[in-house]
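Dear colleague,

Please find below the structure that I am handing over to you.

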Amino acid sequence: MTARRTLLWIRICIGILILGLFVSGVTAFPLREELALGSDLLHATPASTWLPDAVAWVDRVSHALTDVGARYPFIAYGTDWLAYAHLVLAVLFVGPLVNPVRNIWVIQFGVIACAGIIPLALIAGSIRGIPLGWQLIDMSFGVIGVIPLAIAWRLTRRLERHPDR
């Protein structure tokens, strides 16, 4: 593989991650509306028969967000910061998008962050009473996110060793 093609694949992998972080960030702002829509959609499909516990959980979270939002709207400020953090992390990965060899530390940071999702979801999820299935969904973000990062890391190391090939 040529250096140019290697760089292209690194950029594709980093671009996928940036897109995922951006979408995660933007969709964290309207949580109440999204959960209400999700609940409505689930009830309009056979999902309530096939996955009654999952639908009940979505309904519970939707009702909680509506209740808390009506009585304590400032609580949503915490998820606004979560959304902002995702957007800032997306910007962080512009460095390796431009120059992956010089910014390999950002790729390594991303791999570490993805690995950290698993214990966070298990520990905090258990403490907060989050169902195991939902914790597994949360953990999947780290598992899925590490795939393009691991590929980018490996290709960046190759580019670092053989910049002319």
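Helices here are DSSP runs of H or I with at least four residues, numbered from the N terminus. The model is a predicted one, in which local features need pLDDT of at least 70 and side-chain atom pairs count only at pLDDT 80 or more, while totals for chains, interfaces and linings use all residues. Residues are numbered from 1 along each chain as its sequence is written, and side-chain values use heavy atoms, with hydrogens and water left out.

I begin with the pockets. A pocket is an open set of points on a 1 Å grid over the protein atoms alone, where a 1.4 Å probe fits and protein lies on both sides within 12 Å along at least five of seven lines; its lining residues have an atom within 4 Å of a point. Volume is the space filled by probe spheres set on the points, which are joined across faces, edges and corners.

The second largest pocket has a volume of about 260 Å³. Helix 2, helix 4 and helix 5 each contribute at least two residues to its lining. Of the 14 lining residues, Arg32, Leu65, Gly69, Ala76 and Thr79 lie nearest the centre.

The largest pocket has a volume of about 2,100 Å³. Its lining comprises 46 residues, and those nearest its centre are Leu82, His86, Trp134, Asp138 and Phe141. Helix 7 provides the largest share of this lining, eleven residues. Among the other helices that supply at least two residues each are helix 4 (52–71) and helix 5 (76–92).

I turn next to the nonpolar core, meaning a set of buried Ala, Val, Leu, Ile, Met, Phe, Trp, Tyr and Cys residues joined through side-chain atoms within 4.5 Å. Buried denotes under 20% relative accessible area, with a 1.4 Å probe and protein chains only. The largest such core has 17 residues, of which Ile10, Ile14, Phe93, Leu149 and Ala152 touch the most other members. Helix 1 (3–28), helix 7 (104–128) and helix 8 (132–161) each supply at least two of its residues, and the largest share, seven residues, comes from helix 1. Beyond residues up to four places away in sequence, Phe93 touches Ile14, Leu17, Ile18, Leu21, Val106, Ile107, Gly110 and Leu149, where contact means heavy atoms within 4.5 Å.

Lastly, Ser39 lies in helix 2 (residues 31–43). Ser39 counts as buried because its relative accessible area is 8%. Apart from neighbours within four places in sequence, Ser39 is in contact with Val58 and Asp59.

With kind regards

Definitions and conventions. Buried means under 20% relative accessible area, exposed over 50%, partly exposed in between (1.4 Å probe, protein chains only).
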